[in-house]
Amino acid sequence: SGGRLAAAGWQVAGGKRGQDGAVWLFPTTLDPVAPVLVGGPGDQRINRVVQLKKQEGRLVAVGFADGDAGAWVSDDDGDSWRRAADVAALGGEGDQEILDATVFASSLVAVGTETVDGQTNGAAWLSADGIAWTRASDPEGVFAGPGPVILNRVFALGKQLEEKGFPALAAGGSAQGDVALWT
């Protein structure tokens, strides 16, 4: 982003138990830099950072925030972040977590999990700006199963593959312990 490398994850929260989401921005080298923390109540983990195509320098981080899927958006230089707070689509009953995201057209597509009463199902979310999110519908129940369903990667396949008959998007993961692919 803007000639810099962004890395994301989490670190122990200020010497106490727990996790704070963190983003490391490397300006021109891989010399150690202090992370920018995107903390808040409870634990946070950042699993993926993507750059919005429409806004040069603006980054979106996705992951987990205190039991719900979490999303954070940077300012144009990546030095400060704000959380997409109180977004009903990222929360709900049980625990949700975004494991991966990609830019598709001019929007974000994110995938992950939702665990309710011990059952883990896949989930997908959509956003145009990283702040406002909607939960993708699953009317046929393809993200659910009798065993765990996990969507941990999402790919925008590109026009060349679409012209050959491939779908525009694919998500990979596992369903009931087997490798699975959704399109």
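User: Are Arg45 and Glu97 buried or exposed?

Analyst: Buried means under 20% relative accessible area, exposed over 50%, and partly exposed in between, with a 1.4 Å probe and protein chains only. Arg45 and Glu97 are both buried. This is a predicted model, in which local features need pLDDT of at least 70 and side-chain atom pairs count only at pLDDT 80 or more, while totals for chains, interfaces and linings use all residues. Residues are numbered from 1 along each chain as its sequence is written, and side-chain values use heavy atoms, with hydrogens and water left out.

User: How many salt bridges does the structure hold?

Analyst: Side chains of opposite charge can pair when their charged atoms come close. A salt bridge needs a side-chain nitrogen of Lys or Arg within 4 Å of a carboxyl oxygen of Asp or Glu. The structure holds three. In one of them, Arg45 pairs with Glu97, and the closest N and O atoms are 3.0 Å apart. Arg45 is in strand β4 (residues 44-51) and Glu97 in strand β8 (residues 95-104), so this pair links distant parts of the chain, 52 residues apart. Strands are DSSP runs of E, at least two residues, numbered from the N terminus.

User: Which residue forms a salt bridge with Arg48?

Analyst: Asp100 does, with 2.8 Å between the closest N and O atoms. Here too distant parts of the chain are linked: Arg48 is in strand β4 and Asp100 in strand β8, 52 residues apart. Arg48 is partly exposed because its relative accessibility is 34%, whereas Asp100, at 4%, counts as buried.

User: Where in the chain do Glu114 and Arg135 lie?

Analyst: These two side chains meet in a salt bridge (3.1 Å, N to O). Glu114 lies in strand β9 (residues 107-116) and Arg135 in strand β11 (residues 133-135), so the pair ties together parts 21 residues apart in sequence. Glu114 is buried, at 19% relative accessible area, and Arg135 is partly exposed, at 32%.

User: What lies over the face of Phe64?

Analyst: A charge sits over a ring if NZ of Lys or CZ of Arg is within 6 Å of the ring centre and within 35 degrees of the ring normal. Arg45 lies over the face of Phe64, 4.4 Å from the ring centre.

User: Which residues form the aromatic pair?

Analyst: A pair of aromatic rings is described by the distance of the centres and the angle of the planes. Rings of Phe, Tyr and Trp (its six-membered ring) pair if their centres lie within 6.5 Å; planes under 30 degrees apart count as stacked, over 60 as edge-to-face and the rest as tilted. A search of the whole structure finds one aromatic pair. Phe143 and Trp182 form this edge-to-face pair, with 6.3 Å centre to centre and 70° between the planes. Phe143 lies in the loop between β11 and β12 and Trp182 in strand β14 (residues 178-182), so parts 39 residues apart in sequence are tied together. Both Phe143 and Trp182 are buried, Trp182 with a relative accessible area of 13%.

User: How far apart are Trp182 and Gly172 in sequence and in space?

Analyst: Trp182 and Gly172 are 10 residues apart in sequence, and 6.4 Å apart in space, C-alpha to C-alpha.

Technical notes. Helix = DSSP H or I, 4+ residues; strand = E, 2+ residues; numbered from the N terminus.
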